[in-house]
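Me: Walk me through the strand pairing in this model, and then the helix packing and the ligand shell. Keep it brisk, and name the residues.

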Amino acid sequence: MEKQVTLLSSQLFQKHRQVEVVLNRSVLAWKPVEKSRKPCSGTCDSVQSYSVEVCEIVAVRKTEDDDQDAAQTGKHQKKTKQLYPYAFTVSYVRRTRQHQWRCSEVTFHCANQALCEEWVQVTNEQLSLLTNRPKSLLVYINPFGGKRHGKRIYEQKVAPMFRLAGIATTVIVTERANHAEDHLKTEANLDKYDGVVCVGGDGMFSEVLHGLVARTQNDHGVDQNQPDAELVPCSLRIGIIPAGSTDCICFATVGTNDPVTSALHIIVGDSQPMDVCSVHHNDVFLRYSVSLLGYGFYGDVLSDSERNRWLGPARYDLAGVKTFLSHNYYEGTVSFLPAEDDVGNPRDKLQCRSGCSICQHNRSSKDEHGDVSEEKEKPGKDDSSDWNEIHGKFIAINAANMSCACPRSPKGLSPFAHLADGNADLILVRNCSRLDFFKHLLRHTNKDDQFDHPFVEVHRVRKFRFEPECHKLVSLEDLSEPPTKTGYSTPLGSWSCDGEILPEVAIQVSVQCQLIRLFARGIEEQQQQQQQCVSDDPCTLCALEPTTD
Ligand SMILES: Nc1ncnc2c1ncn2[C@@H]1O[C@H](COP(=O)(O)OP(=O)(O)OP(=O)(O)O)[C@@H](O)[C@H]1O
């Protein structure tokens with residue numbers, strides 16, 4: 001490990017022992033001065049050492065006398081207080097199980113006030129150098145999302161941490177659907193903020209996404225109705241505090257649906273770029289999608305579940321069973337522009353994880369060329385000869401912009417889809433027997449490859465179009481009665497776009513590479529998860545031995 005310049009090194013008191021505490025630009029570390037008598041696992045007899053990365057320190061502050069008094073009631077503690085009357089507390093990120101983060105604290109006691117103040121000041125100086133951290137946030141709370149706990153979750157679990165980290169907030173509790181979207185589009189003074197936070201579910205996130213993207217395009221004079229318009233990436237990051245009944249976007253980008261974890265990702269200023277699909281019908285903009293565009297099975301499940309909203313989340317299960325039993329299929333033509341060769345494929349078993357090389361490759365090509373779409377859509381690269389066309393009868397057509405993993409389907413619809421590679425995975429499930437379709441669905445819940453069926457194909461695509469068969473023959477108005485001959489339960493079916501039903505069936509979809517950024521870092525590998533925990537590794541402090549500059 002490269003040696004770093006030591007900024008501070010002192011012998012302080014922590015709990016019931018003296019510790020050597022060292023701070024450099026990237027790590028705060030401490031270890032007991034005396035060797036631990038407790039044998040450690042393995043053959044070493046090292047003392048326990050502890051370390052926290054500076055970028056994962058939430059705050060450092062002088063410990064108030066009240067806090068100290070409460071903690072120090074015993075005889076020994078009273079003596080400690082006499083010898084070390086000043087103290088400071090460091091709050092930092094601690095990883096627990098399953099991608100959850102918690103805010104932990106460690107208090108160091110000092111013999112003199114000047115030393116205590118120096119530690120607080122120097123550590124705070126290091127924190128102020130972390131320019132990716134937000135200082136001011138605009139927060140929208142949906143008080144009716146999920147179990148209607150959004151406001152309470154924010155006030156009890158999130159706001160205190162934002163205060164601790166010195167983040168200023170403007171909080172708006174929404175009064176109606178589309179309140180957040182409309183406010184972002186027109187009124188909000190976005191120059192004042194470093195990010196926008198939504199407290200709610202996927203529907204609330206979608207509002208913020210639409211508001212922010214529309215506002216950005218408007219400010220830059222870009223017409224969203226043009227399917228080939230080069231959209232301008234949003235400069236503000238979006239934070240999601242999960243408080244809905246479906247929190248898939250949060251789960252896919254953080255690995256857990258936990259408000260405290262999300263708040264900590266916001267505080268440390270994480271940044272996860274994300275692709276966004278723009279959906280058009282002819283030259284009219286319909287919606288943006290970041291997770292799933294589903295036609296046929298998933299569209300029908302959503303349409304049916306909307307009719308039973310009163311059932312709460314159970315409505316999705318009921319609609320799933322009903323739609324499965326009705327076994328509809330839809331005829332039409334799918335055309336798509338395949339991804340470039342260097343971005344992998346939907347079956348390559350390369351999962352999108354924190355620091356994903358495939359997404360970073362695209363980010364660097366974006367940086368190199370100024371804009372990735374310029375590179376990818378040079379004349380000739382996107383001409384009609386590159387497009388593929390498939391005509392058929394489909395039970396389902398799904399475009400996954402991310403794995404769409406959720407607690408119920410941990411692998412997701414497309415386990416190896418990427419958050420920010422500029423492509424979506426287009427999954428076509430052709431008409432097959434009910435039993436075969438059941439086997440395909442079942443594979444979403446076990447280790448088997450759900451694409452390994454003769455009636456399923458999957459393509460990584462930059463753009464695609466869908467044209468339903470009967471659309472060419474009859475207009476929507478003429479289709480109020482379902483045709484009997486074809487066996488469709490609804491004439492054309494419908495697209496579900498991140499949980500919203502689209503008003504059109506014939507659509508054009510274009511993946512907008514890294515259009516937005518979230519306060520997240522993607523799902524961390526288990527190894528990354530454990531790295532930072534309190535460790536028995538003596539090397540951390542060795543690496544911090546004072547060096548001369
Ligand atoms: N104050 C409000 N009153 C009514 N609806 C609201 C309000 N604020 C936001 N909404 C709408 O509520 C919808 C659902 O919100 P959200 O995603 O937060 O919760 P949810 O329980 O996960 O919802 P769902 O499962 O129905 O998607 C959003 O589409 C949003 O537009």
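Reply: **Strand pairing**

L337 has K463 of β18 as its bridge partner. This is a predicted model: local features need pLDDT of at least 70, side-chain atom pairs count only at pLDDT 80 or more, and totals for chains, interfaces and linings use all residues. Residues are numbered from 1 along each chain as its sequence is written.

Start with strand β15, residues 330-338. Its pairing with strand β18 (residues 456-468) is antiparallel and has seven bridges. Strands pair if DSSP finds at least two bridges between them. Strands here are DSSP E runs of at least two residues, helices are H or I runs of at least four, and both are numbered from the N terminus.

β15 also pairs with strand β16 (residues 388-400), again antiparallel, and again through seven bridges. Here V334 is bridged to I390 of β16.

Now follow β16. Strand β14 (residues 292-296) joins β16 in the antiparallel sense, over five bridges. G294 faces N398 of β16 in that pairing. Strand β17 (residues 424-430) is another antiparallel partner of β16, with six bridges. There A400 stands opposite D425 of β17. As a rule, side chains in a regular strand alternate between the two faces of the sheet.

**Helix packing**

Packed helices are described by the angle between their axes and the distance between the axes. The axes are lines fitted to C-alpha atoms over the stretch in contact, and angles run from 0 to 180 degrees between N-to-C directions.

Take helix α9 (residues 297-306) and helix α10 (residues 314-326): their axes come within 8 Å and cross at roughly 130 degrees. α9 and α10 are therefore oblique to each other. Under 35 degrees counts as roughly parallel, over 145 as roughly antiparallel, 65 to 115 as roughly perpendicular, and the rest as oblique. α9 contributes F297, D300, V301, D304 and S305 to the contact, and α10 contributes R315, Y316, A319, G320, K322 and T323. Contact means C-beta atoms, placed from the backbone, within 7 Å. Four of these residues are nonpolar, three polar and four charged. Ala, Val, Leu, Ile, Met, Phe, Trp, Tyr, Cys and Pro count as nonpolar, Asp, Glu, Lys and Arg as charged, and the others, Gly among them, as polar.

Helix α4 (residues 150-164) packs on helix α8 (residues 259-267) at about 30 degrees, with the axes 10 Å apart. α4 and α8 are therefore roughly parallel. Their crossing is right-handed. I153, K157, V158, M161 and F162 of α4 meet P259, V260, A263 and I267 of α8. That contact has eight nonpolar residues, no polar ones and one charged.

Helix α5 (residues 179-187) and α6 make an angle of about 15 degrees, with their axes 8 Å apart. α5 and α6 are therefore roughly parallel too. α5 passes α6 in a right-handed crossing. On the α5 side the contact uses A180, E181, H183, L184 and K185, and on the α6 side M204, E207, V208, H210, G211, L212, A214 and R215. By class, the contact has six nonpolar, three polar and four charged residues.

**The ligand shell**

α6, residues 202-219, also gives the largest share of the shell around the ligand, with four residues. There are 21 residues around the ligand, and G145, G200, G201, G203 and G244 come nearest. The shell has four nonpolar, 13 polar and four charged residues.

Definitions and conventions:
Near = placed C-beta within 6 Å. Contact = placed C-beta atoms within 7 Å. Left-handed = near helix turned anticlockwise from the far one by under 90°.
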